[in-house]
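Biologist: I would like to learn how to read a structure of this kind feature by feature. Please give the general idea each time, then the case at hand.

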Amino acid sequence: MRTPQVEPADGLPARVTIYEVGPRDGLQNEKGHVPTPVKVEFVRRLLAAGLTTIETTSFVPQAWVPQLGDAAEVLDALGEDGRGRTRPVLVPNERGLDRALEADVGAIAIFGSATETFAQRNLNRSVDESVTTFAPVVQRARAAGLWVRAYVSMCFGDPWEGEVSVDQVVDVATRLMDLGCDQLALGDTIGTGTTGHVHRLVDALAGKGIGPERLGVHFHDTYGQALANTIAALADGVTVVDASAGGLGGCPYAKSATGNLATEDLVWALHGAGVQTGVDLDALVATSVWMAGVLRRPSPSRVVTALST
Ligand code: MG
C-alpha cells in the first residue's frame, strides 16, 4: 500500500496545517556540512510536495549553530519561495531580527523556555531575561508587518529539572504571547509528554485566553509518544502540527532528544483519519530518501522506511 485506507475519525479537524521544520530544526544539528544548494533544493522539494508552511533557516549567531550560518545565502537563493508569512526564520535577538529584515522575510519565530536550566543552556539567559530580550524583537517585527511565532521549549519535562508544572508553562507562554505573538508552539523538547498532559496544558492555556486556534504543537518521538500526543492535541482543537521531513533533527542541548516527529508518519496518520494536509506523500518520501542519501544515513521515519524498501 502506498496510501492508508481512509476511515474518518471523529472529533478531528477536517484539515491540518503542517509546520515543516526540517530545513531548520532538522538540519541545525547535522555534524557534516550541508551545502547551501542542498538546503535550497530541500525547501523547494518540500514546497513541491505540498507543504505550505516551512521554517526555512535560522538567524542565530553562526558560532551557536554553524550549520545554519548561511541563512542569508539560503534565502537569497530561494527568492520568493523563502518569503512571506508562511516561511518563518528563527530569530534569537534584535541582531537576528536585523539580519532577518535585511533578508526581507515575512515571518519570524522566537524561542523561550519553560524552565530556567534550559533557558540558560539554550539562550544563556534567565527566563525573565529572555522575555525582556524578545520584547523589542516582537514589537519591531510586528511594526514591520511580520507574522510571529513563539516557541516554548521543555513544556512536558526537562532533562535537568525533571517534571515541569503546567502553571509554569502557562506563565512563560502567556508572557511571550502578551508581547504580541501570533502563534504559540508547545515544544516537547525531550519527548516525554503523554496524552493527558497535552489535554491539561491545552485546557490551561485556553483558560488564560490562549485558545487552540493560536497553538501549534511540536512533539518529539523520543519515547514513541509524538503521534499519540498530536492526535490528542487535534482532538482539543489544535490544527497546526510541527513535523520534520524524514524525522530529521533533535536538540543538541537536550540529552537523548533525538527525533522530531517525521512529517511522513504524521501525514500517514492524518490522511488515514480523513484529515487533509495537502501533502503528496510519495513526493515527500522521495525527498527524504534523497536527503538520506545526501546525509549518508537512513531516515528514522517508519513511513519513509516502509515506502522506500
Ligand atoms: Mg524539534
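Modeller: Begin with strand pairing: two strands pair if DSSP finds at least two bridges between them. Helices (H or I, at least four residues) and strands (E, at least two) are themselves DSSP runs, numbered from the N terminus. Here strand S1 (residues 17-20) runs parallel to strand S9 (residues 240-243), and four bridges join them. Thr17 stands opposite Val240 in S9. S1 also runs parallel to strand S2 (residues 53-54), joined by two bridges, with Tyr19 opposite Thr53.

Biologist: What should I know about the origin of the model and its numbering?

Modeller: This is a predicted model, in which local features need pLDDT of at least 70 and side-chain atom pairs count only at pLDDT 80 or more, while totals for chains, interfaces and linings use all residues. Residues are numbered from 1 along each chain as its sequence is written, and side-chain values use heavy atoms, with hydrogens and water left out.

Biologist: How many helices and strands are in the protein chain?

Modeller: The protein chain has twelve helices and nine strands. Its radius of gyration, taken over C-alpha atoms, is 18 Å, close to the 19 Å of the globule rule (2.2 Å times the number of residues to the power 0.38) for 309 residues, so the chain is as compact as a globular protein of that length.

Biologist: How do I read burial along a strand?

Modeller: Buried means under 20% relative accessible area, exposed over 50%, and partly exposed in between (1.4 Å probe, protein chains only). In a regular strand the side chains alternate between the two faces of the sheet. In S8, Leu215, Val217 and Phe219 point one way, Gly216 and His218 point the other way, and all are buried. Strand S8 (residues 215-219) is largely enclosed by the rest of the structure, because five of its five residues are buried.

Biologist: Which strand pairs with S8, and in which sense?

Modeller: Strand S7 (residues 183-188) pairs with S8 in the parallel sense, over five bridges. Asp188 has Phe219 as its bridge partner in S8. A crossover is right-handed if, with the strands pointing away from the viewer, the path from the first strand over the helix to the second runs clockwise. S7, helix H8 (residues 195-207) and S8 make a right-handed β-α-β unit.

Biologist: Which residues coordinate the magnesium ion?

Modeller: Donors are N, O and S atoms within 2.8 Å of the metal (3.2 Å for Na, K and Ca); water is not among the atoms, so sites may look incomplete. The magnesium ion is coordinated by Asp25 (OD), His218 (NE2), His220 (NE2) and Asn260 (OD1), at 2.0 to 2.2 Å. The spacing of these donor residues in sequence is D-x192-H-x1-H-x39-N. Both His218 and His220 are buried.

Biologist: Which residues touch the most other members of the largest nonpolar core?

Modeller: A nonpolar core is a set of buried Ala, Val, Leu, Ile, Met, Phe, Trp, Tyr and Cys residues joined through side-chain atoms within 4.5 Å. The largest one has 98 residues, of which Ile108, Ile110, Leu184, Leu201 and Leu205 touch the most other members. Helix H7 (residues 166-177) gives the most to this core, with seven residues.

Biologist: Is Asp104 buried or exposed?

Modeller: Asp104 counts as exposed, at 53% relative accessibility. Asp104 lies in the loop between helix H4 (94-102) and strand S5 (107-113), and its phi is near 65°, a positive value in a residue other than glycine.
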